Amino acid sequence: MKNLPLSFAERMQLQLGEAFPAFETAMTLTPPVSIRANMAKLEQPLGLPHVPWSSQGYYLPERPLFTLDPLLHAGAYYVQEASSMFLEQALKQAVDVTEPLRVLDLCGAPGGKSTHLASLLSAESLLVSNEVIRSRATILAENIAKWGSGNVVVTNNDPRDFQKLPEFFDVMVVDAPCSGEGMFRKDPQAMEEWSEENVKLCAQRQQRILMDVWPALKPGGVLIYSTCTWNTAENEDNIAWLAQQEGAKSLALELEASWGIVPGEQQGVQGYRFYPHQLQGEGFFLAVIQKSGEGAVNGTSGKRKKYKLALAGKKEKALVESWLKNTEELEWLQYGDYISAIPANLFEEVDTLYQNLYVLQAGTEVAEAKGKKLKPQHQLALSQQLSLNEFDTAEVSLEQALRYLRKEDIQLGGSGSNWVLLQYQGYTLGWAKQIGNRMNNYYPKEWRIRMELPAVVEEEQLFSLTRYLERF
């Protein structure tokens, strides 16, 4: 690792005092590797060391070649930096996650915090996962689809667009774009791009983001703010400025001393810093503030005369309603030839989003219907609510799984003309269609693995999370 930027090192010396040499040494070490399990799919716990502040986070002994693990593509887990999983503590301590909530993840790409939120919220809650940059928003939508939660809406909007939804959200998560000081050892490019001027520019951009989105938070609602940087300009200074402008109050969180997280209060803001010499994780900052006033009960302003969302017809609904579990709790939508499902209790909220925002995907896209011909969609294959017994399935080897994920032709034998769900070690990967003795690959082209496969694909040589499942 290159030497730390001089002005950064001088500031950190003042910030850390006698602990600076330990920090400097830690910045030269190999970063820890962590994942967060999708327990709606894995079901069994993992025989791995836990990330102490997350019920779903685990450390791996080394960094494997994740791209060639089919379980990653099946949405069984997400590769996420351990420090950022502290979001779980902030959410659980600040609000009652058993209640129906409207939650916005404003800067959602690539999807770590959004998939984490989806695992923590109740099924009756609405999660809006947003990303302003279109190319990153499509990656976010892919990761949300792989996770398989049915109560998430992915949007592609600027923060100011949410002013069209005044006092709509109970919780906002703003993981703000920042100068990236906490990523120096993991991402050398972040260090090359760092400068004091960039810190100032980031702080100004963060203030704009916070002020633009603030009107969409309910009175009594909670904003969870985080960065992967350590300077006060992008952290406490920004939150203190917002709190003073809007009369908000800082909320304190309870910590276990063994976690190694460093709490601190500046300008009335309680913040939490993660340093690599104190814990197994990268640099991170988090603070929680609450909007003044009493929170109103969730609801909409009454039925509109005209909805933007169209319900699927009875015939179309009858064709697909057995494909998902708990269908009595779902509303079936149709746009063009496509049928999708959202939780029925969220229909009006989702319609409100369509009325005011640019929505990339909502709920679970189930099928393309042309007359009586149905083409099941990839989101359905990855849904946590998939009715597996409604479809033919085929178990594939590791090599077949990887060739499928590269969108190559695979041969499984057999004959006929039917849709088949391909599975690897019991985890669903996606659709293929048997046509005679040929198998057509329907994996999404834009999701395909582009990495070349090893000459010999052997399970013993490649990583698979199933090795760590605790079987009972």
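## Exercises on rings and a buried helix

In this predicted model, Arg102 lies over the face of Phe168, 4.3 Å from the ring centre; a charge sits over a ring if NZ of Lys or CZ of Arg is within 6 Å of the ring centre and within 35 degrees of the ring normal. Residues are numbered from 1 along each chain as its sequence is written, and side-chain values use heavy atoms, without hydrogens and water. Local features need pLDDT of at least 70, side-chain atom pairs count only at pLDDT 80 or more, and totals for chains, interfaces and linings use all residues.

**Exercise 1.** Classify the ring pair Tyr77 and Phe463.

*Solution.*
1. Rings of Phe, Tyr and Trp (its six-membered ring) pair if their centres lie within 6.5 Å; planes under 30 degrees apart are stacked, over 60 edge-to-face, the rest tilted.
2. The centres of Tyr77 and Phe463 are 6.5 Å apart and the planes stand at 85°, so the pair is edge-to-face.
3. Tyr77 belongs to strand E3 (residues 77-79), while Phe463 is in the segment after strand E21 (438-441), 386 residues apart. Strands (E, at least two residues) and helices (H or I, at least four) are DSSP runs, numbered from the N terminus.

**Exercise 2.** Decide whether Tyr443 is buried or exposed.

*Solution.*
1. Buried means under 20% relative accessible area, exposed over 50%, partly exposed in between (1.4 Å probe, protein chains only).
2. Tyr443 has 1% relative accessibility, so Tyr443 is buried.

**Exercise 3.** Explain why helix H6 (residues 112-120) is largely enclosed.

*Solution.*
1. The buried residues of H6 include Gly112, His116 and Leu120.
2. Eight of its nine residues are buried, so the rest of the structure largely encloses H6.
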